[in-house]
Amino acid sequence: MPEFFNVLAPDAAFGALKPMLKSSVGMEVVPVSEALGRVTAADIHSPEDLPAFPRSSMDGYSVRSRDTFGASEGLPAYLDLAGEVPMGESANVRISVGQAAKAYTGGMLAEGADAVVMVERTQALDETAIEVLRAVAPGENVVQVGEDVGKGDVILPKSSVIRPQDIGGLLALGITHIDVCRKPRVGIISTGDELVPPGTQVGAGQIRDINTYTIAALIEQVGGKPIPVALAPDDFDAQRNAAVEGLAACDALVFSAGSSVSSRDLTADVINSLGEPGVIVHGISIKPGKPTVIGLVNGKPVFGLPGNPVSAMIVFHLIVRPAIYQMSGHDSAPNSASCEATITRDISSVAGREDYVPVRIKHDSGQVQAIPVFGKSNLIYMLVRSDGIVKVPLDRSGLYAGDMVDVRLF
């Protein structure tokens, strides 16, 4: 049996890989309407002023502000109506001394006007004249040309994550397509003689492959593009051939199973056979998930996750997730959704390793409780019945019932 591996803390393990990862795997052009969550590949500049014309921010009347100076309810200013500027049309009305024109929110001002009086601050005398009951200053209730954004301004810097409001802002400027960082293609190889496709009737000693699909969903959830490559037996040549195929088509590769210390577990050997530098880390100080492999082959990361579903999912969140975010153009992985809760049972651990325990969230009398879901790491329904995970830090020998904990939500 091979000698047991040396382990690193999860942060140190990812830290060993991080400087070697690409900050982007390429660029592609996508419609703005489909760009939510994508990362800009370059600075985006405004092609025009927004707004492109002086716009009223209120329903009311376009006026020359100087014609309203001194106006009050006791001594109103009297203005003649010169017409109106309909919504969606150019200003076909010019006002002069002592005149006003009807204005609408978002519409153009009449030519010659420099302010808008709110309709609530006026009173109609008849169809041809109004009283102005309060003075307005120059520019009051007017959105000026370029006040929102000026032509040539950087509206979204490189590495910005597109949000719903960004989509609206881009489309308001007529920008319908943008350059974004391409989604990393992440190949998945599940290994084991015992594995069969999920739709297969299992025989004695066989189990259905679920990790390919669980890992694919996790990759998609964090912005990658999952590429199932193969269901490979416990055979070096078969696994190596699958890995060569996966690396040729993908930007990263994930092995499921085959990372623990056993004569049948070949992931580390396969990675070392593929190219330089090969295996960087073999083993991280966590439970579950200790027999994790992290490697790099000709600039592409290769991960060997434990085969047990709980272990695989926890290691994915700690190691693979931040790698995919970095390769997607993000400056760093966003914080996972979390909540504070009171742990309801003692959790034992061993100082010097991080323990991750699935928990179920319960709300009781206004208090958020985290109920540990104990079980073996090869039981997928531990995760199905859980809402998140709780970490026992390296320097703790456990948690006590009643402790406040941070729950990383699934």
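Lys22, Val25, Asp251, Gly299, Lys300, Pro301 and Met327 line the largest cavity of this predicted model. On a 1 Å grid over the protein atoms alone, a cavity is a set of points where a 1.4 Å probe fits but cannot get out, and lining residues have an atom within 4 Å of a point. The search of the whole structure returns one cavity of 30 Å³ or more. Its lining divides into three nonpolar, one polar and three charged residues; Ala, Val, Leu, Ile, Met, Phe, Trp, Tyr, Cys and Pro count as nonpolar, Asp, Glu, Lys and Arg as charged, and the others, Gly among them, as polar.

Local features need pLDDT of at least 70 and side-chain atom pairs pLDDT 80 or more, while totals for chains, interfaces and linings use all residues. Residues are numbered from 1 along each chain as its sequence is written, and side-chain values use heavy atoms, without hydrogens and water.

The largest pocket (an open set of grid points with protein on both sides within 12 Å along at least five of seven lines) is lined by 25 residues, and those closest to its centre are Asp11, His317, Leu318, Arg321 and Arg408. Helix α6 gives the largest share of this lining, six residues. Ten of the lining residues are nonpolar, seven polar and eight charged. Volumes are the space filled by probe spheres set on the points, which are joined across faces, edges and corners.

| Space | Volume |
|---|---|
| Largest cavity | about 50 Å³ |
| Largest pocket | about 560 Å³ |

Helices (H or I, at least four residues) and strands (E, at least two) are DSSP runs numbered from the N terminus.

Two strands pair if DSSP finds at least two bridges between them. Strands β20 (residues 293-297) and β21 (residues 300-305) run antiparallel, joined by five bridges, and Ile294 has Phe303 as its bridge partner in β21.

A further open sheet, also of six strands with mixed pairing, is ordered β7-β4-β6-β5-β9-β8. Its edge strands β7 (115-118) and β8 (122-126) each have a single partner strand, so one side of each lacks a neighbour in the sheet.
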